[in-house]
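Here is a short briefing for a first look at a protein model. Please keep the sequence and the structure in view as you read.

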Amino acid sequence: VKTYANRDLHTPRWSQGDRANILAELMQQRAQQPEPITPDDVQRIYRHATQVDVNFHHFGPLLRRIDASLVNTVDADTQRALALLRQWDGSRVPDASGDFYAGAALPIFQNWLDAFVGMTVGTLLSREEFGGMPMYTGTLQFNYMKNSVNLSMGTKIALRGLQARLGLRPDDVPPFDVLHGEEPRKLMLQALQTAVARLKKATPGAVDTWRLPMVRQTFFPENFEAVPTAAQTAPPALKLSANRGAMQRLAVSDGKQVQSMDANPPGESADPRSPHYQNQLSIYGDWGFKPLPLSPQKTGQGKVVTLPGKQPGKL
């Protein structure tokens, strides 16, 4: 909502820096159909939004603005890399092996984004001056969150400056030129040349063979409400990470009653010795749900367990 106080700090919150625009566009597309929206529609929108690269959602259309006359001035590998980016829809999905993301566009784009942020925002302050705010990188990365695809602070500044110089934000021009007077399209292409050079040095083979290893989604020992969810050592993990929270829930109302379902991984128990320790992991991993009864009646007493190094807690 417009009245939401959205902090523009290191956390993306729920604005353009996260998935708000992507979700809105998907819902608007579905609204063009005359049939009422269904739970299946909601699940499809949700799954698609979790697998779209949010950064590419903003920068992809800008990369397509690079003129053919400029493209013809660079080497063949850079031209091929740009062609792959222009063909890509931004999906972060696994390849047939499940060990890598499909296609070369994702590693090309991530390296391009890091290079572009470094050539613009990265020249304003040193890495040390950026401090704990990971502004220097393209994607928002922390030691505890390696599977993020959201916009870092540096990317937000670089994007705003690029949009302003391209005439896309005439009423919102930053007080200083993030691009340092460079022509926007030329600078984007220079960043791509830098990215291609880095990838060629790190990854042998043709441009089309470049792949990014799958980033696993590891679950914290406690959830966002400080409820124990996993062991402190060797916590459960999913092979594929997606841009979503630590749990998922769907509520459906027909005007008379509400039905609810969820998946709250890793499992119903935080005790590794329990058969229920990871019983929701595969449900969540498949974007699925289990019934979540809504009733004032409690179904039973919670079990008190003691985990190594933890105080007893009711599960």
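Predicted model: local features only at pLDDT ≥ 70, side-chain atom pairs only at ≥ 80, totals over all residues.

Residues are numbered from 1 along each chain as its sequence is written, and side-chain values use heavy atoms, with hydrogens and water left out.

Helices (H or I, at least four residues) and strands (E, at least two) are DSSP runs, numbered from the N terminus.

**Salt bridges**

- Side chains of opposite charge can pair when their charged atoms come close.
- A salt bridge here is a side-chain nitrogen of Lys or Arg within 4 Å of a carboxyl oxygen of Asp or Glu.
- The whole structure holds ten salt bridges.
- One of them joins the side chains of Arg30 and Asp41, at 2.8 Å from N to O. This pair links distant parts of the chain: Arg30 is in helix α1 (residues 20–31) and Asp41 is in helix α2 (residues 39–50), eleven residues apart.
- Arg30 is buried at 9% relative accessible area, and Asp41 is buried at 8%. Buried means under 20% relative accessible area, exposed means over 50%, and partly exposed lies in between (1.4 Å probe, protein chains only).
- Arg30 and Asp41 also belong to a network of salt bridges with Arg44.
- Another salt bridge joins Asp53 and Arg92, whose closest N and O atoms are 3.5 Å apart. Asp53 lies in the loop between α2 and α3 (54–63), and Arg92 in the loop between α5 (76–87) and α6 (105–119), so the pair ties together parts 39 residues apart in sequence.
- Asp53 is buried at 1% relative accessible area. Arg92 is buried at 8%.
- Asp271 and Arg273 meet through their side chains in a salt bridge of 2.9 Å, N to O. Asp271 is buried, at 7%, whereas Arg273 counts as exposed, at 65%.

**Helix α3**

- Helix α3 is mostly covered, with eight of its ten residues buried.
- The buried residues of α3 include Val54, Phe56, Phe59 and Leu62.
- Among the elements that cover the buried residues of α3 are α1, α5, α6, α8 and α9. Contact means heavy atoms within 4.5 Å.

**Paired strands**

- Two strands pair if DSSP finds at least two bridges between them.
- Strand β3 (residues 248–253) and strand β4 (residues 258–263) pair in the antiparallel sense, over six bridges. Gln248 stands opposite Ala263 in β4.
- β3 and β4 form a hairpin with four residues between them. In the turn, Gly255 has a positive phi of about 90 degrees.
- β4 also pairs with strand β5 (residues 290–291), in the antiparallel sense and over two bridges. Here Asp262 stands opposite Lys290 in β5.

**A loop residue**

- Where is Gly181 in the chain? Gly181 lies in the loop between α8 (153–165) and α9 (184–202).
- Gly181 counts as exposed, at 54% relative accessibility.
- Gly181 and Arg165 are 16 residues apart along the chain, and their C-alpha atoms are separated by 9.3 Å.
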